[in-house]
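Please keep the viewer open as you read.

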Amino acid sequence: PEGFDRDARYYLGRGEIMGLFPRSAKEMVLFYISSRRPLETIQREGIKRLTDRMIQIDPQLRASLAPINKWELLKIAPCPTLRALKWGMPGLVLLGDAAHTLFPHVAQGVTQAMLDAFALADLLSKMGNDSKMALHLPGQYEAIRRPPMERLHKIAWEYHFLWGSPNPIVAALRNRIFRNVARSPRLLKKVLAIEGGVANGYSLRERISAVTGIRWHETKKAS
């Protein structure tokens, strides 16, 4: 759209999220998530009301959304989560979303699927042609990958609650956390590490710091 540069835009409201991600100089991916109103209600109200809401959030979308006049022009998808009870059996293993579908808030779908593949490839290289080891491979693979995925599931649920809640008190708390994280290089680095798939979760001290704004690490360093 005219007026956009190559930077992404991400909007969080009370019970709704909208993201804008440029794919090229002429193309952009837009998504809108609503936890405040069910899909049936949104469709009953009509597509114009939906696009008007998007334009209200970002007025620069007006020209781009003008041709959107029927639901067939949109891709409508739920945001399910999945945690398979078992990730495999002899001769078969599950990777990526087939084993552990996350909420999109942590942006970890592709990253975690790749880490699954790396872990499995490492085990396969060690197994060689040993058929006895092959019987135990699914369990070994799951033992390696399930613990970090369980931690990510927990974080994804926390993000889903904080980012998409229609509750004004929760929304105010979320905004406070965002401000405190933005002021703390250490917390910001931790968020980026989790989003990049190289860290597993937040410590209790980091959580308290994000809520209260207390920055123990910087106070200690300054003293």
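Lys48 is exposed, with a relative accessible area of 56%; here buried means under 20% relative accessible area, exposed over 50%, and partly exposed in between (1.4 Å probe, protein chains only). This is a predicted model, in which local features need pLDDT of at least 70 and side-chain atom pairs count only at pLDDT 80 or more, while totals for chains, interfaces and linings use all residues. Residues are numbered from 1 along each chain as its sequence is written, and side-chain values use heavy atoms, with hydrogens and water left out.

The side chain of Lys48 meets that of Asp52 in a salt bridge at 2.9 Å, N to O; the term stands for a side-chain nitrogen of Lys or Arg within 4 Å of a carboxyl oxygen of Asp or Glu. Asp52 is partly exposed, at 35% relative accessibility. Helices (H or I, at least four residues) and strands (E, at least two) are DSSP runs, numbered from the N terminus.

Further along, Glu150 and Arg146 form a salt bridge of 3.2 Å, N to O. They too are 4 residues apart, this time in helix H5. Arg146 is buried at 19%, whereas Glu150 is partly exposed at 28%. Shared partners join Arg83, Glu142, Arg146 and Glu150 into one salt-bridge network.

What about open space? A pocket is found on a 1 Å grid over the protein atoms alone, as an open set of points where a 1.4 Å probe fits, with protein on both sides within 12 Å along at least five of seven lines; lining residues have an atom within 4 Å of a point. The largest pocket holds about 1,200 Å³, a volume being the space filled by probe spheres set on the points. It is lined by 37 residues, and Phe31, Tyr32, Ile33, Lys75 and Ala77 are the closest to its centre. Strand S3 gives the most to this lining, with 6 residues.
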